[in-house]
Amino acid sequence: MTASTEHALRPEHIPGCYALSKAASWNQNEADWRLMLDIGHGLGLSLADGTLIASTLVLPYGDFAWISMVLVHPAHRRQGHASQLLRTAIAGLRARALTPVLDATPAGRKVYRQEGFRDTWTFKRFLKTGTDDVFRHPPVKREANEVSGEVDFALDREAFGADRAPLLRALQQRLPQAARAQPNGFVLGRDGREARQIGPLVARDAETAMELLQSALAAVPAPLYVDVVYHAPQLHEWLQANGFALQRPFTRMVLGGERAPGNEQLVYLVAGPELG
């Protein structure tokens with residue numbers, strides 16, 4: 001086993017964190033890592049020369065916390081590094097009486113189930129490649145307003161299960177041309193290493209969700225990621241009819257709880273598996 005040292009992640013580790021997500025072909029850029037370390041904290045494993053080879057992040061939200069960015073450099077996998085950092089993170093959350101929650105890929109789900117996590121609900125990632133303008137004039141029935149100033153995130157608290165206003169305010173600044181709001185919902189977005197991501201999208205009904213999605217897509221060119229919840233088949237069908245391809249599923253998982261926090265029926269696009 002390669003000798004390594006466990007330590008907290010600090011701003012000076014961000015280039016190494018970015019290198020880990022790039023090696024895994026994940027979409028996070030350095031701005032994502034800075035944001036996540038601002039609202040949470042991270043654990044890393046580094047070699048004697050300072051090279052970061054593994055990471056895990058914890059983002060506290062109310063009485064639960066998100067576990068994300070469980071990454072190991074390809075050259076150092078299958079040595080127990082991910083399990084080591086995951087267990088350290090879980091122990092820390094248990095000491096603070098916080099419920100661990102995460103979004104798992106199919107491969108990760110097997111690992112998390114062994115640690116006691118249970119499935120709750122699912123979503124699917126769709127990718128639109130290229131740089132065309134297919135969404136320049138979508139058939140929007142009622143145009144959503146562009147977000148300006150402070151947004152009332154009370155609906156998000158109901159949907160997500162906790163106040164995450166600092167995260168949402170940050171996302172509002174990351175991709176402002178995608179931000180839209182109606183009385184019954186809102187959508188935000190952000191830039192990424194490989195593609196822009198649209199989400200979260202929270203709405204009272206599917207019609208509002210579709211209007212928000214189409215309006216946001218009309219303002220942001222591909223490449224694009226959207227992570228669509230299981231209960232919105234009409235969004236799945238519309239995206240695939242308009243050039244989005246299914247990439248992979250994710251499963252929201254909880255350790256020590258019966259169900260995921262919040263009300264997923266109000267969620268149409270998640271912010272991303274690293275953010276919730």
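At its relative accessibility, does Arg78 count as buried or exposed? Arg78 counts as exposed, because its relative accessibility is 87%, where exposed means over 50% relative accessible area, buried under 20% and partly exposed in between, with a 1.4 Å probe and protein chains only. The model is predicted, so that local features need pLDDT of at least 70 and side-chain atom pairs count only at pLDDT 80 or more, while totals for chains, interfaces and linings use all residues. Residues are numbered from 1 along each chain as its sequence is written, and side-chain values use heavy atoms, with hydrogens and water left out.

**Overall fold**

- The protein has eight helices and 13 strands, which are DSSP runs numbered from the N terminus (H or I and at least four residues for helices, E and at least two for strands).
- Its radius of gyration is 18 Å, close to the 19 Å of the globule rule for 276 residues, so the protein is as compact as a globular protein of that length; the radius is taken over C-alpha atoms, and the rule is 2.2 Å times the number of residues to the power 0.38.
- Along the principal axes, the C-alpha atoms fill a box of roughly 60 × 40 × 35 Å, and 54% of the 276 residues count as buried.
- Among contacts (heavy atoms within 4.5 Å) with a separation of 6 or more, 73% are between residues 24 or more positions apart.

**Asp156 and helix α5**

- Asp156 is found in helix α5, residues 154-160, and counts as buried because its relative accessibility is 1%.
- The side chains of Asp156 and Arg164 are joined by a polar contact of 2.8 Å, that is, a pair of N or O atoms within 3.5 Å, of which, within protein, one must be able to donate a hydrogen and the other to accept it, residues adjacent in sequence counting only if both atoms are side-chain atoms.
- Beyond its neighbours within four places in sequence, Asp156 is in contact with Gly161, Ala162, Arg164, Leu168, Phe186 and Val202.

- Asn27 has its place in the loop between α1 (14-23) and α2, and it is buried at 7% relative accessibility.
- A polar atom of the Asn27 side chain lies 2.7 Å from the backbone nitrogen of Glu194, and, residues up to four places away in sequence not being counted, Asn27 touches Asp32, Gly192, Arg193, Glu194, Ala195 and Tyr225.
- At the start of α2, a side-chain oxygen of Asn29 reaches to within 3.2 Å of the backbone nitrogen of Ala31, and within this helix (residues 30-39) Asp32, Trp33, Leu35, Met36 and Leu37 are buried.

**Ala216 in helix α7**

- Ala216 lies in helix α7, residues 206-217, and is buried, with a relative accessible area of 0%.
- Not counting residues up to four places away in sequence, Ala216 touches Ala178, Arg180, Val187 and Ile198.

**Backbone geometry**

- Most residues other than glycine have a negative phi, and most peptide bonds are trans.
- Met69, in strand β4 (residues 64-72), has a positive phi of about 55° although it is not a glycine, and it counts as buried at 3% relative accessibility.
- Arg78, in the loop between β4 and α3 (81-95), has a positive phi near 60°.
- A cis peptide bond with omega of about 10° joins Gly199 and Pro200, and Pro200 is placed in strand β10, residues 196-203.
- Another joins Ala222 and Pro223, with omega of about 5°, and Pro223 is placed in the loop between α7 and β11 (224-229).
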